[in-house]
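This report describes selected local features of one protein chain. The sequence and the coordinates are shown first, and the description follows.

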Amino acid sequence: MEHREQTRAGVRLGDLVERFGGQLAGDPDLTVASIAPLDSAGPAQISFLSNSKLRALAAQSEAAALILSPLDDPSVAATYAGARIVTTNPYAYFARAAQYFVSLEEAAPSPGIHPSAVVDPSAQVDESAHIGPHVTIEAGAVVKAGAVIDHGCFIGKESVVGEGTHFFANVTFHRKCVIGARGIVHSGAVIGGDGFGFAMEAGVYIKIPQTGRVVIGDDVDIGSNTSIDRGALADTVIEDGVKLDNQIQIGHNCHIGKHTAMAGCVGVAGSAKIGSRCTFGGAAMVLGHLEIADNVHISSGSMVSRSVLEPGQYTGFYPLAKNAEWEKSAAIVRNLNTMRDKIRSLEKTIKTITEQSRLEND
């Protein structure tokens, strides 16, 4: 009730600065009701400038206050009349402030188990957890304090859901899988389905049982309809702080390092090992059994067909072709630098011979 009253009255800028830091230029008692984009923010709202190219737009903004960097502040302040919160990372500040505004508006789900949920007697569900309608929680599963399991979710045998983790509607979390604290898993995600493992004999595929788990760390976000396969024997591991967008496929026995982020439709084949703080643009592909170092950044639509052992930005794409033709083209591309150097050397030689010949003829 106190939160709702505070939201209707607005949030003091002084409270924001006290909570999130930054240097305030303006009245700390000025209140703002919400956050809005630069081009539409009104006198009851706060906005942010994270791209210096938009300084002119920020300077003309009608927002009551702006969040901006020390680099942008002097030029914006020259014409902007509102209050300013100056911080080294305005975008991150905006993200935290936005979370705060949402928390004031949304009531936390009430703890308890909905009557239509099916919870095995041997499952351990903390009293503070929220279990929504038509949820199924199987034997030996653990749901820790403050977790929110929305309607229609499935939590398999002996799996563990950490403190404050939120499963949106219709998440499937298979047997023995583990997710840490403060995770967010969006609707339609499937965690711990079987990996794609088969042996071939006499032209017939023989299924390999997938007996590993999926082990997910703290503060991991998983987008809608993303699939993370369980390991064949060892575990598939997603470390702390990883962010996965929608419709991503993570194959069995993959290992993804801390704070790596992947945009929509990325595909990672089995047993790939990816380092920390990497980024993958939309629809990037990673072949199986490869190793990618920390701080590697893969451009959208790129195909990673070999291990990447040095940090940096990588881009690569070839049109579809018969494999033999593609290999020839790849070999030519790899030798282009050498060919270029040889051509330049030949050009210099020809130029020298031509000049000598001209001098002799003169």
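## Nonpolar surface patch

A nonpolar patch on the surface is formed by Ile332, Val333, Leu336, Met339 and Ile343, which together have about 430 Å² of accessible area. Patches are made of residues with over 30% relative accessible area and no salt bridge, where like charges are joined within 9 Å and nonpolar side chains (Val, Leu, Ile, Met, Phe, Trp, Tyr) within 5 Å. Accessible areas come from the Shrake-Rupley method with a 1.4 Å probe, and for residues only the protein chains shown count as cover.

Helix 6 (323-334) and helix 7 (336-361) each supply at least two residues of the patch, and helix 7 gives the most, with three residues. Helices (H or I, at least four residues) and strands (E, at least two) are DSSP runs, numbered from the N terminus. Leucine 336 is placed in helix 7. Leucine 336 counts as partly exposed because its relative accessibility is 42%; buried means under 20% relative accessible area, exposed over 50%, and partly exposed in between (1.4 Å probe, protein chains only).

## Basis of the model

The model is predicted: local features need pLDDT of at least 70, side-chain atom pairs count only at pLDDT 80 or more, and totals for chains, interfaces and linings use all residues. Residues are numbered from 1 along each chain as its sequence is written, and side-chain values use heavy atoms, with hydrogens and water left out.

## Crossing of helices 2 and 5

Two packed helices are described by the angle between their axes and the distance between the axes. For helix 2 (residues 13-20) and helix 5 (residues 90-105), the axes come within 11 Å and cross at roughly 115°. Leu16, Val17, Arg19 and Phe20 of helix 2 make the contact with Tyr93, Arg96, Ala97 and Tyr100 of helix 5; contact means heavy atoms within 4.5 Å. Axes are lines fitted to C-alpha atoms, for helices over the stretch in contact, and angles run from 0 to 180 degrees between N-to-C directions.

Glutamine 23 lies in strand 2 (residues 23-25) and counts as exposed because its relative accessibility is 58%. Apart from neighbours within four places in sequence, glutamine 23 is in contact with Arg84, Ile85 and Val86. The C-alpha atoms of glutamine 23 and isoleucine 248 are separated by 40 Å, with the two residues 225 apart along the chain.

Threonine 87 occupies the loop between strand 7 (83-86) and helix 5. Threonine 87 is buried, since its relative accessible area is 13%. Its contacts, leaving aside neighbours within four places in sequence, are Gly22, Ile67, Leu68, Ser69, Pro70 and Tyr93. Serine 34 is found in strand 4 (residues 34-35) and is partly exposed at 25% relative accessibility. Outside four places in sequence, serine 34 is in contact with Ala44, Gln45, Ile46 and Phe101. The C-alpha atoms of serine 34 and isoleucine 46, 12 residues apart along the chain, are separated by 6.4 Å.

## Salt bridges

A salt bridge is a side-chain nitrogen of Lys or Arg within 4 Å of a carboxyl oxygen of Asp or Glu. By this rule the count comes to 10 salt bridges. One of them joins aspartate 235 and arginine 213, with the closest N and O atoms 2.9 Å apart. This pair links distant parts of the chain, 22 residues apart: aspartate 235 is in the loop between strand 26 (227-229) and strand 27 (236-238), and arginine 213 is in the loop between strand 23 (204-207) and strand 24 (214-216). Aspartate 235 is partly exposed at 26% relative accessibility, and arginine 213 is partly exposed at 30%.

In the salt bridge between aspartate 221 and lysine 243, the closest N and O atoms are 3.3 Å apart. Aspartate 221 in strand 25 (residues 221-222) and lysine 243 in strand 28 (residues 243-244) are 22 residues apart, and the pair links distant parts of the chain. The relative accessibility is 24% for aspartate 221, which counts as partly exposed, and 35% for lysine 243, which also counts as partly exposed. Arginine 277 forms a salt bridge with aspartate 294, the closest N and O atoms being 4.0 Å apart.
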